[in-house]
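Biologist: Can we go through this model together? I'd like to start with the rings and then move on to the sheets.

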Amino acid sequence: MKSLKELTRPNIWSLAPYSSARNEYSGHTAHVFLDANENPYNQPINRYPDPLQTDLKAQLAHVKGVRVEQIFLGNGSDEAIDLLYRCFTCPGSDNVVAIEPTYGMYKVCADINDVEYRPVLLDKNYQFSADKLLAACDANTKLIWLCSPNNPTGNNLIREEIERVLREFQGLVIVDEAYSDFSSQRPFRLDLNKYPNIVVLNTFSKAWGCAGIRLGMAFASPDIISIFNKVKYPYNVNYLTQQKALEALKDPFEVDKWVKLLLQERSRMINNIKLLPLCEEIYPTDSNFFLMKVNDAQRIYDYLVDLGIIVRNRTNVRLCHGCLRITVGTKSENMQLISALRQYE
């Protein structure tokens with residue numbers, strides 16, 4: 001890969017980050033806080049949160065099998081996605097390459113940051129070719145976006161193709177593993193030391209059942225993480241989010257139980273729905289959702305909405321014409337969906 005200095009936006013490389021009150025005394029024990037113009041009453045939320053989420057990262061490192069200095073935490077994974085553009089691409093001149101279809105925020109953030117977005121269409125099996133992806137790159141390509149398991153298709157991308165991109169691309173490769181807890185594939189976050197140009201995204205929103213606290217993760221080399229920390233807002237993860245995440249991390253085995261239940265329910269749903277006349281195909285999935293092709297996506301979507309059952313209509317997404325994306329819910333929720341689809345005419 002190119003040196004990190006070559007990849008980083010010049011003004012970011014030379015940026016002197018904001019020094020918050022909570023950063024400056026780091027390493028010392030303190031009990032009287034008269035530095036940050038806070039109200040001394042209404043403990044504990046009267047104080048600014050730890051800007052680097054030290055306690056949370058220590059717990060997370062143990063659970064995720066990475067080092068503390070390899071972790072960035074943000075306001076959802078979307079913060080890390082936006083930071084990658086702000087840190088490593090120059091508006092109006094650089095470009096990024098991504099598979100298509102995939103998670104829509106990669107393109108939204110490219111548009112916001114005035115960076116050219118180059119989509120490379122997946123094949124009929126929703127897989128990509130490293131050759132085609134690399135062929136779309138040029139000297140100004142800074143980032144490649146891969147999502148595995150992919151959204152909205154649900155499937156793992158071929159690991160060997162991802163590894164080839166990591167070896168041959170000169171910029172940063174982002175592997176979004178938001179749904180990796182539902183997959184049997186080895187997470188790429190465990191290979192950070194093997195690939196210095198990888199950034200792996202993860203989230204508390206899916207398997208951990210914490211979408212409401214908005215906590216995203218990025219795993220990368222300490223040098224890449226240090227650039228994120230230069231640019232992020234000083235207190236980007238609030239106190240309540242940090243506390244809720246610490247509570248969740250106390251019982252990771254509960255998450256394992258949820259994942260097992262969801263995978264069982266996913267199999268049951270697929271086995272029931274694929275027998276219905278409206279279902280034309282259900283695509284292979286490694287996620288907590290599945291993509292299915294139906295005979296009239298818009299009509300079926302509207303029918304379900306009228307019953308108060310909300311799924312995702314993906315019929316206007318490239319390669320997903322006529323498709324609905326179904327998230328696996330509780331057994332009761334899933335039965336309501338199956339029953340409704342059985343009664344559809």
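Biologist: First up, is Phe 88 buried or exposed?
Modeller: Keep in mind that this is a predicted model. Phe 88 has 0% relative accessibility, so it counts as buried.

Biologist: Which aromatic residue does Phe 88 pair with?
Modeller: Phe 228. The pair is edge-to-face, with 70 degrees between the planes. Centre to centre, the rings are 6.3 Å apart.

Biologist: Which helices do Phe 88 and Phe 228 lie in?
Modeller: Phe 88 lies in helix H5, residues 77–88, and Phe 228 in helix H9, residues 222–231. The two parts are 140 residues apart in sequence, so the pair ties them together.

Biologist: And Phe 228, buried or exposed?
Modeller: Buried, because its relative accessible area is 0%.

Biologist: How many aromatic pairs are there in the whole structure?
Modeller: The search finds 10. One of them is Phe 204 with Trp 208, a tilted pair. Those planes are 40 degrees apart, and the centres 5.3 Å. Phe 204 is buried at 0% relative accessible area. Trp 208 also counts as buried, at 5%.

Biologist: Which residues make up an aromatic cluster?
Modeller: Tyr 85, Tyr 103, Tyr 106 and Trp 145 form one.

Biologist: Switching to charges. Which ring does Arg 159 lie over?
Modeller: The ring of Phe 188, at 3.9 Å from the ring centre. There is also Arg 325, whose charged end sits over the ring of Phe 289. That distance is 5.5 Å from the centre.

Biologist: Back to H9. Which of its residues are buried?
Modeller: Ile 224, Ile 225, Ile 227, Phe 228 and Val 231.

Biologist: Where do they sit around the axis of H9?
Modeller: On the same side, because they cover an arc of only 155 degrees. Here is the background: an α-helix has 3.6 residues a turn, so residues three or four places apart point the same way.

Biologist: New topic, cysteines. How many disulfides are there?
Modeller: The count is zero.

Biologist: What about Cys 279?
Modeller: Cys 279 is in no disulfide either. Its nearest cysteine sulfur, that of Cys 323, is 9.8 Å away. Cys 279 is buried, with 12% relative accessible area.

Biologist: Now the sheets. What is the strand order in the seven-stranded one?
Modeller: E1-E7-E6-E5-E4-E2-E3, with mixed pairing, and the sheet is open.

Biologist: Which strands stand at the edges?
Modeller: E1, residues 71–74, and E3, residues 116–121. Each has a single partner strand, so one side of each has no neighbour in the sheet. On average, neighbouring strands here are turned by 20 degrees against each other, direction ignored.

Biologist: How do E6 and E7 pair?
Modeller: In the antiparallel sense, over four bridges. Strand E6 covers residues 198–203, and E7 covers 216–219. Leu 201 stands opposite Ala 218 in E7.

Biologist: Last one. What do E8 and E9 form?
Modeller: A hairpin, with six residues between the strands. E8 is residues 279–282 and E9 is 289–294. They pair in the antiparallel sense over three bridges. Ile 282 has Met 292 in E9 as its bridge partner.

Key
Residues are numbered from 1 along each chain as its sequence is written. This is a predicted model: local features need pLDDT of at least 70, side-chain atom pairs count only at pLDDT 80 or more; totals for chains, interfaces and linings use all residues. Side-chain values use heavy atoms; hydrogens and water are left out. Rings of Phe, Tyr and Trp (its six-membered ring) pair if their centres lie within 6.5 Å; planes under 30 degrees apart count as stacked, over 60 as edge-to-face and the rest as tilted. Buried means under 20% relative accessible area, exposed over 50%, partly exposed in between (1.4 Å probe, protein chains only). A charge sits over a ring if NZ of Lys or CZ of Arg is within 6 Å of the ring centre and within 35 degrees of the ring normal. A disulfide is a pair of cysteine sulfur atoms within 2.5 Å. The arc is that of the directions from the helix axis to the C-beta atoms. Two strands pair if DSSP finds at least two bridges between them. Axes are lines fitted to C-alpha atoms, for helices over the stretch in contact, and angles run from 0 to 180 degrees between N-to-C directions.
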